Amino acid sequence: PMSVRTTFETQKSGSSSSSSSSSTSSRSSSSLTMTFLTPTVLMISGAFLAAALSAALGANDVANSLGTAVGTGAISLKQALFIGAIMEFSGAVLFGGTVTKTISSGVVQISATSLKHPAE
């Protein structure tokens, strides 16, 4: 029910079968059915996208904080990568739960009444 099916059928020119069973068997043998967008595929795709976006955001954070130090030669690129990896990982592990709680409950309060009467 949650999947999208695309069926490509090859049609034989000039052939028509009178029996329904032979029509069904020839139809199933000559059709190619591809199923995609199943819940499993969507979950795997979503997890991959989330991991890629989080890596990109982490790389941007490290570039913003350590770019000047590397550019001036104060630290080497290897040192910046090591420092960035340690700090990004420890920040996610130590403060990830707190950030999640804040975003899920304390940033914006939305209630059903405020949605019905936004001017009040």
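Author: The secondary structure of the protein chain in this predicted model comes to four helices and two strands. Read from the N terminus, these elements follow the order β-α-β-α-α-α.

Reader: How do you know where the confidence of the protein chain is lowest and where it is highest?

Author: The pLDDT is the predictor's confidence in each residue, on a scale from 0 to 100. Strand 1 (residues 4-9) has the lowest value, a mean of 47, whereas helix 2 (residues 39-72) has the highest, at 91. Over residues 1-23 the pLDDT is below 50, and this stretch has 30 contacts in the model beyond near neighbours in sequence. Residues 29-33 are also below 50, with twelve such contacts. For the protein chain, the mean pLDDT is 74, and 59% of the residues reach 70 or more.

Reader: Why is A55 called partly exposed?

Author: The term covers relative accessible areas between the limit for buried, under 20%, and the limit for exposed, over 50%. A55 has a relative accessible area of 49%, and therefore counts as partly exposed. This residue lies in helix 2. Its C-alpha atom is separated by 10.0 Å from that of E88, which is 33 residues away along the chain.

Reader: Why does I103 count as exposed?

Author: Exposed means a relative accessible area over 50%. I103 has 60% relative accessibility, so the residue counts as exposed. I103 is found in helix 3 (residues 77-106).

Reader: What makes the nonpolar surface patch that includes I103?

Author: The patch is made by F89, V93, L94, F95, V99, I103 and V107, and its area is about 780 Å². Membership requires over 30% relative accessible area; I103, at 60%, is above that cut-off.

Reader: What share of the residues of the protein chain count as buried, and how much accessible surface does the chain have?

Author: Buried means under 20% relative accessible area, and 4% of the 120 residues count as such. The accessible surface comes to about 10,100 Å², with 66% of this belonging to carbon and sulfur atoms.

Reader: What part of the contacts joins residues 24 or more positions apart?

Author: Among contacts in the protein chain with a separation of 6 or more, such residues account for 58%.

Methods:
Residues are numbered from 1 along each chain as its sequence is written. This is a predicted model: local features need pLDDT of at least 70, side-chain atom pairs count only at pLDDT 80 or more; totals for chains, interfaces and linings use all residues. Side-chain values use heavy atoms; hydrogens and water are left out. Patches are made of residues with over 30% relative accessible area and no salt bridge: like charges are joined within 9 Å, nonpolar side chains (Val, Leu, Ile, Met, Phe, Trp, Tyr) within 5 Å. Accessible areas come from the Shrake-Rupley method with a 1.4 Å probe; for residues, only the protein chains shown count as cover. A salt bridge is a side-chain nitrogen of Lys or Arg within 4 Å of a carboxyl oxygen of Asp or Glu. Buried means under 20% relative accessible area, exposed over 50%, partly exposed in between (1.4 Å probe, protein chains only). Contact means heavy atoms within 4.5 Å.
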